[in-house]
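Reader: Could you walk me through this one? I would like to start with a single residue and then move on to how the chains meet.

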There are 2 protein chains.
Amino acid sequence: MEIQEIIAQRAQEIEGQIEPFLPKETGYAGKLYEAMNYSVRAGGKRLRPMLLASCHRLLGGNSSHLSVAMAAIEMIHTYSLVHDDLPAMDNDMLRRGKPTTHAVYGEAMAILAGDGLLNHAFTLLGRELISCDDEQMRSMAKVIAILSDKAGIDGMIGGQSVDVESEKTGSVITKEKLDYIYRKKTGALLTAAMLCGGALAQADDEKMKTLSDIGEKIGLAFQIIDDILDVEGDQKLLGKPIGSDEKNEKATYITYEGIEKAKEDADRLTREALDCLDTLCPDEADAQQEAAFLRELFLYLTKRDH
Amino acid sequence: MEIQEIIAQRAQEIEGQIEPFLPKETGYAGKLYEAMNYSVRAGGKRLRPMLLASCHRLLGGNSSHLSVAMAAIEMIHTYSLVHDDLPAMDNDMLRRGKPTTHAVYGEAMAILAGDGLLNHAFTLLGRELISCDDEQMRSMAKVIAILSDKAGIDGMIGGQSVDVESEKTGSVITKEKLDYIYRKKTGALLTAAMLCGGALAQADDEKMKTLSDIGEKIGLAFQIIDDILDVEGDQKLLGKPIGSDEKNEKATYITYEGIEKAKEDADRLTREALDCLDTLCPDEADAQQEAAFLRELFLYLTKRDH
């Protein structure tokens, strides 16, 4: 099977795993739950729960808390998209060809649905936490600490705030600031996914460090590819116009490094991530199979044409 | 000393306790941190951290995690105000006589500052959680579970969503729906404050149930008083125009029960809460003093003229 097919199949499985954690659309607040569920069900690669589950399996994990952690990280990713799309932010009416949450439910409900998804991620993890025995509790505690940190004000929200501020003020963005945005806005939550998988598999500090390194390299490569696609991509495959960064006078990796160096860097980062992955060298057949999947996934993400 | 003075003094102490948990306003995301801190520092009664600390002391607690829990609940309360004030919600430019967060920092940054405050509450609690020994970990886990639950989609956000939806659609609100909004929008987080204090003091299930009952009764009484003040209050003391509910055709407790019954109910709920408080009957002098403070605080909250 081609990697795209495997990814699509896993994404579908993940949607089945996440579904039971979505709120039932009943009661007075039914409309809120509907807006939350609409946002989560709107699709996407399910990359963060996929990475989480894959790293968990790679490291021989067998945690009963896997699904709830997958649901939580997908809810956090989804809330960030719902709020990003708001009129005061990117003002997008379509995402992946579907009306955005505020386009369907109105701006007020979209703000609350985003708040609800972020909060509910921690409600789900909090409920799971208090049901744990002492040994399990420590790895669930790590999941909460990792996720809240990487999604937070020195992680995803921090990166997003710098991006928004740079765009609004039209200030010239330095290479260092661009690095900050890339590392935080996208990289942090991808890294969190890998680390949460590791934490649930009770990985040791060294392995956690390796997962973190991989996440950062792949996150940055992923962003660089985004910039390259905006210059060289196929509009049809991308589902959005190319050249938008240049039109919006938005500084990207390519502004600073040029397109050839950008391609080299994306390749180099991917290779380095794969080397890191090799050092985790699992013995078991299951884990080896998972390492092979992750390798292909990383290559796919950094060679993708959309 | 008058209760107002004691409350003001405690509020000031609480501000000192919370301050170290606010982010330093440096680095690329400095503007985000500034907007968050502006929102938290804008004042208020600090009622939720006050209740949390008071219930903790009442039940003989001596937790080293008290301050972080106080900071977390105040951040969650603050984010809810920041998002409530947004143009798409209540569109308020002033709160307690000061420009609201979006009035100062713009709408996009206010959305992110709210997200940041909500997320940061869990970052602080998550960091504290992983630093705990096994015994402490269980009470910190309870704090996370309580706070995320009561602030969440079946708590504060749920209540807020029903309130927003009712106002936007202009649909007739039933007495039952109004009860839901009151219990969830304000009552849930007040109850969470009391329960978090109890959890940190390692209160048993019976005491936790009593705290929950008190929180619900006081929360509802507090809301009824708000409605009464909107009819009978002194505009100067309130700092906002009276009669706004009637002008906005907003159904309140008084729409259903009339003003006399509303006053009776607020009195009755307060008396019942005080009776519950008596059943917690602490032996130690410190705790007795704290019970006396809570009693006066509840009477103040439900007899207040602003």
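Author: Ser54(B) has 19 C-beta neighbours inside 10 Å, so Ser54(B) counts as partly exposed (buried means 20 or more other C-beta atoms within 10 Å of a residue's own, exposed 12 or fewer, partly exposed in between, with C-beta atoms placed from the backbone). This is a predicted model, in which local features need pLDDT of at least 70 and side-chain atom pairs count only at pLDDT 80 or more, while totals for chains, interfaces and linings use all residues. Residues are numbered from 1 along each chain as its sequence is written, and chains are lettered from A and ligands numbered from 1 in the order in which they are written.

Reader: Which helix does Ser54(B) lie in, and what is Ser54(B) in contact with, leaving aside its neighbours within four places in sequence?

Author: Ser54(B) belongs to helix H3, residues 47–58 of chain B (helices are DSSP runs of H or I, at least four residues, numbered from the N terminus). Beyond those neighbours, Ser54(B) contacts Gly197(B), Glu290(B), Phe293(B) and Leu294(B), a contact being C-beta atoms, placed from the backbone, within 7 Å.

Reader: Changing topic, how many residues does the contact take from each chain?

Author: Chain B contributes 48 residues and chain A contributes 48 residues. H6(B) gives the most to the side of chain B that touches chain A, with 16 residues.

Reader: And why do the copies meet through the same surface?

Author: Because 100% of the interface residues of chain B are also interface residues in chain A.

Definitions and conventions
Contact = placed C-beta atoms within 7 Å. Helix = DSSP H or I, 4+ residues; strand = E, 2+ residues; numbered from the N terminus.
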